[in-house]
Every structure is written in structure tokens, then in C-alpha cells.
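Please open the structure in your viewer and keep the selection panel at hand.

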Amino acid sequence: MKTGEKILEALTVISPRGEEELLSYLPLIESEAQLTEKRLEEVGEEYEAKAVMLAAARVNYKLALISQSSDKIKSFKAGDVSLSEGNEALVNAKALLDEISADCPELAGRDGFEFKTV
């Protein structure tokens with residue numbers, strides 16, 4: 001199974017999008033697959049499962065960024081009725097990416113320590 005196919009398979013598990021919609025983002029997935037293959041050459045094939053999950057989390061986060069729209073309702077209130085559109089999908093995608101990145105710093109290009117704010 002090719003790396004891109006493995007990333008797509010992992011992405012169908014972690015993404016709220018269906019497989020058909022994810023297939024429309026195949027160029028993004030293939031781009032991430034190329035980066036993953038290059039990174040695996042550096043660190044070794046024993047990290048393949050982690051690398052695939054990290055790549056899927058990166059694609060998921062990028063898709064969440066793409067789907068963010070500035071013209072969505074942010075908050076609306078009329079009497080006791082309120083409507084708001086948050087960015088939960090983006091927050092969740094970022095949290096998942098951070099979690100997976102922390103589990104495999106050798107693949108994420110990090111040393112396992114980073115400042116969140118200064």
C-alpha cells in the first residue's frame with residue numbers, strides 16, 4: 001500500500017469528512033505523503049505507523065484551516081435564543097495534531113519541547 005493510501009485510510013478515521021470528500025483533497029494528501037516518505041528515509045521505516053498518523057493529522061488540520069470562513073455567523077442573540085458558530089473543528093484538529101506531534105517529536109521536526117506563548 002502506498003503512503004498516500006495509508007494517509008487517506010488514517011484520515012478517514014480521524015476526520016469528520018467522508019472518504020468521498022477527502023478524495024477531492026488528494027493533491028494535498030499526496031504532497032504530505034511525499035514529505036512523509038522523505039522523513040522516513042531520514043529516521044527509518046520503523047516509524048512508519050507514527051509517520052502516517054502524523055501526516056493524517058497534518059492534512060486534517062490543513063483541511064480545518066481551509067474550511068474556516070470569515071463570513072460564518074460568530075454570534076447572534078435574540079431574546080433567549082442564541083446562535084453561534086465556533087471554530088471547534090479547527091481547535092480539535094489542532095489539538096489532535098499537537099498530541100500526535102508530541103508523541104513522535106523525531107518525526108515532527110521538534111525536540112519535544114516548545115513554548116506555546118511568550
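Axes are lines fitted to C-alpha atoms, for helices over the stretch in contact, and angles between N-to-C directions run from 0 to 180 degrees. The model in view is predicted.

**First selection: H1 and H3.** Select helix H1 together with helix H3, residues 26-43. The two pack with their axes 8 Å apart, at an angle of about 115 degrees. Their crossing is right-handed. To display the contact, select Thr3, Gly4, Ile7, Leu8 and Leu11 of H1, then Ile29, Glu30, Glu32, Ala33, Thr36 and Glu37 of H3. By class, this contact of H1 with H3 comprises five nonpolar, three polar and three charged residues.

**Next selection: H1 and H4.** The crossing of H1 and H4 is right-handed. On the H1 side, the contact is made by Lys6, Ile7, Ala10, Leu11 and Ile14; on the H4 side, by Glu48, Val52, Met53, Ala55, Ala56, Ala57, Val59 and Asn60. The residues of this contact divide into 10 nonpolar, one polar and two charged.

Centre the view on Asn60, in helix H4. Is Asn60 buried or exposed? Its relative accessibility is 5%, and Asn60 therefore counts as buried, the cut-off being under 20%. Apart from neighbours within four places in sequence, Asn60 is in contact with Leu11, Ile14, Ser15, Pro16, Arg17, Ala93 and Leu96.

Conventions
Residues are numbered from 1 along each chain as its sequence is written. This is a predicted model: local features need pLDDT of at least 70, side-chain atom pairs count only at pLDDT 80 or more; totals for chains, interfaces and linings use all residues. Side-chain values use heavy atoms; hydrogens and water are left out. A crossing is left-handed if the near helix is turned anticlockwise from the far one by less than a right angle, and right-handed if clockwise. Helices (H or I, at least four residues) and strands (E, at least two) are DSSP runs, numbered from the N terminus. Contact means heavy atoms within 4.5 Å. Ala, Val, Leu, Ile, Met, Phe, Trp, Tyr, Cys and Pro count as nonpolar, Asp, Glu, Lys and Arg as charged, and the others, Gly among them, as polar. Buried means under 20% relative accessible area, exposed over 50%, partly exposed in between (1.4 Å probe, protein chains only).
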